[in-house]
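This report describes one protein model, beginning with the pairing of its strands and ending with its surface.

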Amino acid sequence: MKLPLSDFLSPYGRRTTTVRTHREGPVLRIELNRPDEGNAVSEAMLDDLLTVLAVPDPEVRVLVLSGAGEDFSLGGDRHEFADWLDEDPTGRGIRIAGDKARRVCEALTANPAVTVARVQGKVIGAGVALALACDLRVGADTTTFRLPELALGLPTAWGGVLPRLINEIGAARARELILTGRVFDAQEAYELSVLQKVVPEAELDRAVSDWTRPIVRRPESALRVTKALFASYAAPTRLADPSLLDAELMASVAAAHHYAKTNGTQAARAR
């Protein structure tokens with residue numbers, strides 16, 4: 001049975017639009033659906049993801065997250081970000097969206113189903129966070145990644161991406177990628193374990209299926225407990241995980257940066 005997300009209504013009757021989904025037996029596919037904007041993650045998209053992820057279906061064994069169009073995700077919606085600061089320079093809108101981002105990533109990580117990120121094109125900022133929140137990640141050989149937050153005057157504090165990145169690739173490599181903000185390709189992402197498989201883009205769906213077929217045959221209870229074990233063993237490395245502060249950190253730094261830019265511009269004009 002396939003259920004397009006355009007036909008999916010939340011318990012509150014709101015129709016979701018920025019993501020699409022269909023169900024194929026024990027496999028649930030969720031597609032970021034803002035291709036004209038490079039699947040930039042807006043607050044509406046976070047709301048729609050939370051609608052889908054809030055109550056996991058116990059019959060779903062595999063959840064596949066993908067992006068429509070050329071790119072998996074170009075990161076957070078910068079236009080919306082700027083609008084929030086114009087409306088409230090203290091960063092209230094950023095705090096609200098940041099909390100939703102954390103909840104979305106936690107819902108992916110804690111989902112009892114095995115979560116698979118299927119990525120292509122550009123994967124930037126928040127897109128990296130969404131992919132890292134998944135158990136398995138496959139990318140096209142032309143995929144590129146970037147964490148540009150510092151260049152934008154922001155901390156790397158979206159959806160708990162920093163502790164996840166450190167946990168997956170190590171602190172030294174994470175530090176270099178974040179401080180330089182450089183682009184890295186699919187092969188390097190594989191070597192770093194950001195990706196666990198790299199294939200030509202035309203073979204992405206086959207690669208996902210190669211993972212999905214054996215997983216859906218595993219007994220539900222064993223699969224659920226195994227995921228819980230992975231989460232438990234990873235927990236000691238994240239005891240000092242400050243991701244609950246991500247929204248506050250992002251909002252505070254963004255507000256300070258916005259204030260400095262605004263006042264600097266005004267001072268220059270006065271001269």
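Predicted model: local features only at pLDDT ≥ 70, side-chain atom pairs only at ≥ 80, totals over all residues.

## Strand pairing around β6

Two strands are said to pair if DSSP finds at least two bridges between them. Within β9, Lys 197 is the bridge partner of Val 138.

Strand β4, residues 114–119, is joined to β6 by four bridges, and this pair also runs parallel. Here it is Arg 118 that stands opposite Val 138 of β6.

Is strand β6 largely enclosed or largely open? Five of the five residues of β6, which spans residues 136–140, are buried, so the strand is largely enclosed by the rest of the structure. A residue counts as buried when its relative accessible area is under 20%.

In a regular strand, side chains alternate between the two faces of the sheet. In β6, Leu 136, Val 138 and Ala 140 point one way, while Arg 137 and Gly 139 point the other way. Residues of both groups are buried.

Thr 115 belongs to strand β4. Because its relative accessibility is 0%, Thr 115 counts as buried. Beyond its neighbours within four places in sequence, Thr 115 is in contact with several residues, among them Leu 63, Leu 108, Leu 136 and Lys 227. Ala 133, Cys 134 and Asp 135 are also in contact with Thr 115.

## Helix α1

Helix α1, residues 43–53, is mostly covered, with nine of its 11 residues buried. The buried residues include Met 45, Leu 46, Leu 49, Leu 50, Val 52 and Leu 53. Glu 43, Asp 48 and Thr 51 are buried in α1 as well.

Which elements cover the buried residues of α1? The cover includes the strands β1 (19–24), β2 (27–32) and β3 (62–67). It also includes the helices α2 (78–87) and α3 (92–110).

Arg 218 lies in the loop between helix α8, residues 204–216, and helix α9. With a relative accessible area of 41%, Arg 218 is partly exposed, because this class lies between the limits of 20% and 50%.

Apart from neighbours within four places in sequence, Arg 218 is in contact with Arg 61 and Leu 223. Arg 218 and Arg 61 are 157 residues apart in sequence, yet their C-alpha atoms are 8.6 Å apart in space. A polar atom of the Arg 218 side chain also lies 3.2 Å from the backbone oxygen of Pro 214.

## A nonpolar patch on the surface

Val 225, Leu 229 and Tyr 233 form a nonpolar patch on the surface, and together they have about 340 Å² of accessible area. Val 225 is located in helix α9, which covers residues 220–234. Its relative accessibility of 44% makes Val 225 partly exposed. In an α-helix there are 3.6 residues a turn, so residues three or four places apart point the same way.

## The protein as a whole

The protein contains 10 helices and nine strands. Of its 271 residues, 47% are buried. The accessible surface comes to about 13,500 Å², and carbon and sulfur atoms account for 56% of that surface.

Among contacts with a separation of 6 or more, 71% are between residues 24 or more positions apart.

Notes:
Residues numbered from 1 in each chain as written. Heavy atoms only, no water. Patch = residues over 30% accessible without salt bridge, like charges linked within 9 Å, V, L, I, M, F, W, Y side chains within 5 Å. Areas by Shrake-Rupley, 256 points an atom, 1.4 Å probe, with all protein chains shown as cover. Salt bridge = Lys/Arg side-chain N within 4 Å of Asp/Glu carboxyl O. Helix = DSSP H or I, 4+ residues; strand = E, 2+ residues; numbered from the N terminus. Buried < 20%, exposed > 50% of the residue type's maximum accessible area, 1.4 Å probe, protein only. Contact = heavy atoms within 4.5 Å. Polar contact = N/O pair within 3.5 Å; in protein donor to acceptor, adjacent residues only side chain to side chain.
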